[in-house]
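Student: I am new to reading structures. Could you take me through this one, feature by feature?

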Amino acid sequence: MTFSPELEARFEKFLAKYPADRKRSAVIPMLIYAQDEVGAITDELVQEVAKRTGATPLQVTEVVGFYSMLHRKPQGKYHVQVCTNISCLLVGGAELWEQACHKLGIGHKETTKDGRISIEEVECMGACSWAPAVQVNYDFYHDVTPEQFDKLIDGLAAGKKPEEIAEVKKVSC
Amino acid sequence: MLYNQPDPLEVKVLSRRFTLPNSQSIETYLANDGYKALEKALGLTQEQIIDEVKASGLRGRGGAGFPTGLKWSFVPRQSPKPKYIMVNADESEPGTCKDRLLIEYDPHQLIEGVIIAGLAVGAQQGYVYIRGEYRYLIDVMDRAIDEAYAKGILGDNVMGRGVKFHLATHSGAGAYECGEESALLESFEGKRGNPRIRPPFPAVAGCYQSPTILNNVETFCAVPPIFLHGGAYFAGLGTPKNGGTRLFCLSGHINKPGVYELPMGFNLMRMIKEVGGGMRGGKKLKAVIPGGSSCPVLKADECDIAMDFDSVAAAKSMLGSGGVVVMDEDTCMVNAALRIMKFYAHESCGWCIPCREGTTWLKKLLTRFHEGMGQRSDIVLIGDLSKNMLGRTFCPLGDAAAMPTIAFVEKFQDEFEAHLDGRPCPFEKSSRLVAV
Amino acid sequence: MADLVKFTIDGREIETAPGTLVIEAAKKNGIEIPSFCYYEGLTLQAACRMCLVEVEKMPKMQVACTLPVGPGMVVRTDTEQVRKARKSTLEFLLTNHPLDCPVCDKGGECELQDMVFRYGAGESRFTENKLHVDEQQWSPVVFYDGPRCILCFRCVRACEEGMGVAALGVINRGAMSLIAPNRGDHLECDECGQCIDICPVGALTSGAYRYQTRPWEMEHVGTICTHCSDGCKTTLGVRGDEIMRGNNRDRSGVNGEFLCAKGRYAYDFYNHAERIQTPMVRVGGKLEPVSWSKALELVARKFGEIRSRSGEFGVIGSNHTTNEENFYLQKFARNGLNTNNIDHHRTGDVVTLIDALSGTSGQLATTQDLYDKKAFLIIGTDLAMEHPFLSYQIRASFRHHAAHLYTITADKVREEDYAVRTIRRNAGDELGALEDLRANLAAEAELVIIFGDSVKGDAVRKLVEFGQSLGNAVKYCALVDYSNSRGAVDMGLTPELLPGYHPSGASGPSVKEMLASQTLEALWVVGANPLKSGPMASKKTFVVVQDMFLTETAQRADVVLPAASAYEKNGTVTNVCGEVQRLTRAVSAIGVKTDLEIIGLIAKEMGLAALVGPWVPDTVYGEIRKTVKGYNIPLAMLAVQAQQTAPVNGRVPVNSRPELIQSAHDGLFTSGTLGRYSKILHSVMESRESRSQQEEMAHS
Ligand SMILES: Cc1cc2nc3c(=O)[nH]c(=O)nc-3n(C[C@H](O)[C@H](O)[C@H](O)COP(=O)(O)O)c2cc1C
Ligand code: SF4
Ligand code: FES
């Protein structure tokens, strides 16, 4: 399987991090970064990661099913994750989640027909003090109001990039 | 950009550089006492380093509050195997968001703490296990590590003193259980995040079955100040046996939620009123989860306590990871219990029966109950099932699910009863049922 | 040995070796601590939490399966708290477990059922919906029913640790966790079925057995597998005259509960449609069914004529028939037919090994040695494929004793995965690598050397010389092919050796020479298929064949006598390590007779019955005890367990004819001619072939 030169370089770095007889440590980092490029964990990717790390394909498969960020099916271009865990729940996280479902007419881990947006109700993402929090792909959005969330989803659905939606600002660099 | 404004009541030890411009960079760090503690530690013996940490009264910030110096002293002096330092940056306990800031604003403080831990036990390699959702922090950390290498602080000749220490980041991929130390190590080795049988503990057989120091981010970050100002200074900041400050993560129904560094033993009511700016909308306080979702809830009248490990334990809860979740009078305690159980059911690794089946059953039961289809016997059942998990699971995740549930049922029985007989949730407007 | 540890359990003071787990110590003293995930010999899991016990001075209950006994420890297994914990664990377990016991294959022998019966939780407080996933078929023989699975991980460990295959894993998380096969939706493995057997519940079921019967409707007959020479005990579940399954759950026999695909499933040749059920004689060039009396009469008449004119006989015996049958056959041939022309397909050079070891004793390895000893040299064999049980033993020794392995083979073998050193040499050249290993091997305190058929004749002597020069305790094992190959040599199925390795002093043709002979007047083949590899030279020779099927050899016969299979008779067989074990009849087939009876009837018909004696297995065995050195073992002892024979302790001054020695190298799913008639082995091979074809197509 071939990857972009950037990803290849990253893989090389990953493999260099661990002792020579412990390449299996690279399985999870490789999977998650490769997933970003490939779009999902395909059978081919499982084989490839197994080959490169010296794990068996079954060992890699076992891992894929365990971690909630690893997915077999492609997600939308923008994967909108809404936290509804306790701190977010208290200040409107659950309402944001319902808003997303209703607006897009899709549910948990589903993708819009055009493949642009997928949504997921997620567990605590470490933004409790700035709740309710939302993540779009890897970017955090804090203190999200229903109005901002509306704009975010409308904007994404209309083909805008998150950074082009003035009303919402991602907080993480 | 800071996520929340500092508060004048804060005692900024670990977070004191957060407000500096360009606080991530090694230049800022070096200009503000950076790597001076390491310099000092390089002149100490392993015993001296560990003794200093013991003297500081530092206790693990990951949740259990185990004395850090003591933990380090468990690492065998002599070992045919290499030793490792593992940083637990999996931060997944609901209500907790402090490790994120420590890395985002001051990654070098963490690096410095880790190198000192390496010196303490003779380890030459460290890893920072960062939860997959914190992707940007991996980049922050990687940049800081590169800077430290470039400055000769990491590498084969740490600060020119002939000591070797290497550090690298490692990404998780979404699993709360991987915050548990032995599951983290399994995950680090490229496996499913199932915890290990203990003993042996990581200090003896951790990373790659080698002796390993494993601590929380905040624990490591407390190390440089300890060496900079002395263990006694650090100990003096807190209460007896509870040295130093803590980054408390205030969330929920308060006016100024945020992460604040306060001395150990800071009063909880004061924390809510003065630091947190009081209850939102002038509502009444109903309950507080004092240390992340696995800690038993405190009723409003139980909140006049000192926030240190021992005082909160005396109140039959836990200081945990520092996540203080404040709930007002409109909060449905059944829904809170349900949401928390839903989390544990989602995160149970599935290894042992009581946790795997218990959390799933309780989630279903609480869902049905909250929907108004509960019976009186269900209230007993909820408590019973939780007690049947408590102390019997393979790792503490089962306890983490059981303890808060028991507290919710015991302390808010009236609210559970209010949901009986097909009655709708009395708080439906403020806390709606969430999809599973 | 270190001092014993004293501790108390349920008020009884007990002494046991340090390091013993509480669960084991309890069991040894008759106290049962229930468990699902704990399984003797497999890695510890502490996952099921059934084994919680109270330990004084410990705040929480402790899992007995990972807790080593400590001096002065006070353990309680029958307190209110412990009882409640067990009950609640079962209650948890049953929440997502379907209550389909009435149709579940495991019903009646399900560990979960038993535990619920014993420890309560019969009535559940669970009223929510159960999780459901559909049943999956992973191979022709393995089915998985996710909801029934209690996630004890026994199957995963049996496959990875026991078999070294690691074809099973765990997917998903939490309550959604499931066991999964190694190739997406199917298994690619040894198909040994041990995962099925070790599963405490009905989550893994056998394609051969599922939904056929209930366990209590079967009789369980322990006998010895008739395929390879390892001599595994297989317990056949028999209903009426039908074999329903094979397993060895009671762990009796040399193999404990180990069985490979052949031992577990390949009994199914016995009711193959092509099984011969009536004698046949050649009439006008065609085999026609006749009565037993007609057929025996014809054979007796022909044999009698040839005997009286001192015509030349050839007798070919079998590697599958019992010691009694082999002994009886050679006795009748030598004393009744007055011929020394008797041979069988030779598959390993036991003879030279025994000769080379003359003057020593106890240097022939037992199957137990393969587990007990701490170092192994494996030469010229793919043990995991050809001797799966021996491979299993050595793997267990590696796991439990950190045994050192050395291999010298032509191709990659499974043992290499954990070998200290691995050397690649072509078949026949292996011994050239010995000196390379000398330093390693000499440093071992003890060693077992196992060699295949490429080491024969002088090479065996050279190998033994090398082994004896190492200066440590060395044992040897010469590999042979089939269930009674070893017994065939022991019982004198060669021209040069009488039973017990006594030289016959006479010569005779080998199997090959018999087939090439133009002078043989009669050829009598008992349970062998020598014509598999080509026709017989002589067209005139009168050929009598005793077999289960119309093999190539039977098709050339003038008289075909339908023979009973190993599972249809009593007797003894001797495995590759020289261990004698008893066969016990499980079923009887219509129209057939055991080879022993057939030989006896021929003798009787010829008027020579007195010469061979009664064709009663135990009587013949009695004679073997007296005549064959090393076999003087009372039957009562064999009834209990396998006994190793020590055939000779002196020179065997014959030429072992190494050129005749050739293993068939049957793998996991083949078993000489017999294997052709196993439907299950076929279905396994076919599914593999079609998969690999599909995969090839997908790639091109
Ligand atoms: C289910 C579970 C989840 C945990 N998650 C975390 C975590 O996210 N971060 C953390 O530092 N410690 C976590 N811990 C605690 C760790 O197991 C470990 O005790 C801690 O990292 C040790 O560091 P400390 O001594 O510095 O606290 C968790 C424990 C359990 C049982
Ligand atoms: S399939 Fe059977 S043996 Fe395997 S984990 Fe499930 S219950 Fe245990
Ligand atoms: S037998 Fe001890 S936990 Fe399963």
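Tutor: Gladly; let us begin with contacts, where two residues touch if heavy atoms lie within 4.5 Å. Setting aside neighbours within four places in sequence, Gly113(B) is in contact with Phe220(B), Val223(B) and Pro224(B). This is a predicted model, so local features need pLDDT of at least 70 and side-chain atom pairs count only at pLDDT 80 or more, while totals for chains, interfaces and linings use all residues. Residues are numbered from 1 along each chain as its sequence is written, chains are lettered from A and ligands numbered from 1 in the order in which they are written, and side-chain values use heavy atoms, leaving out hydrogens and water.

Student: Where is Gly113(B) placed?

Tutor: Helices (H or I, at least four residues) and strands (E, at least two) are DSSP runs, numbered from the N terminus. Gly113(B) belongs to helix H6 of chain B, residues 107-121.

Student: Is Gly113(B) buried or exposed?

Tutor: Buried means under 20% relative accessible area, exposed over 50%, and partly exposed in between, using a 1.4 Å probe and protein chains only. Gly113(B) has a relative accessible area of 0%, so it is buried.

Student: Let us turn to chain C. What does Thr352(C) touch?

Tutor: Not counting residues up to four places away in sequence, Thr352(C) touches Gly457(C), Val460(C), Arg461(C) and Ser656(C). Thr352(C) sits in helix H9, residues 350-356 of chain C. Its relative accessibility is 2%, and therefore Thr352(C) counts as buried.

Student: And why does Arg249(C) count as partly exposed?

Tutor: Because its relative accessibility is 29%. Arg249(C) lies in the loop between strand E13 (242-247) and helix H6 (261-265) of chain C. Beyond residues up to four places away in sequence, it touches Tyr39(C), Glu111(C), Arg154(C), Asp197(C), Ile198(C) and Glu257(C). Leu259(C) is ten residues along the chain from Arg249(C), and their C-alpha atoms are separated by 10.0 Å.

Student: How many residues of helix H4 of chain C are buried?

Tutor: Eight of the nine residues in H4(C), which runs over 154-162, are buried. Among them are Arg154(C), Cys155(C) and Glu161(C). The cover over these buried residues includes helices H3 (111-119), H5 (194-198) and H12 (388-401) of chain C, as well as strands E8 (168-171), E9 (178-181) and E10 (204-206). Just after H4(C), Gly164(C) takes a positive phi of about 70 degrees.

Student: Which residues are closest to ligand 2?

Tutor: A residue is near a molecule if one of its heavy atoms lies within 4 Å of it. Ligand 2 is surrounded by 14 residues, and the closest are Cys149(C), Cys152(C), Phe153(C), Cys155(C) and Cys199(C).

Student: Could we finish with chain A? What is its pattern along the sequence?

Tutor: Chain A reads α-α-α-α-β-α-α-β-β-β-β-α, which comes to seven helices and five strands. Its C-alpha trace spans about 50 × 35 × 25 Å along the principal axes. Of the 173 residues in chain A, 58% are buried. Among its contacts between residues at least 6 apart in sequence, 61% join residues at least 24 apart.
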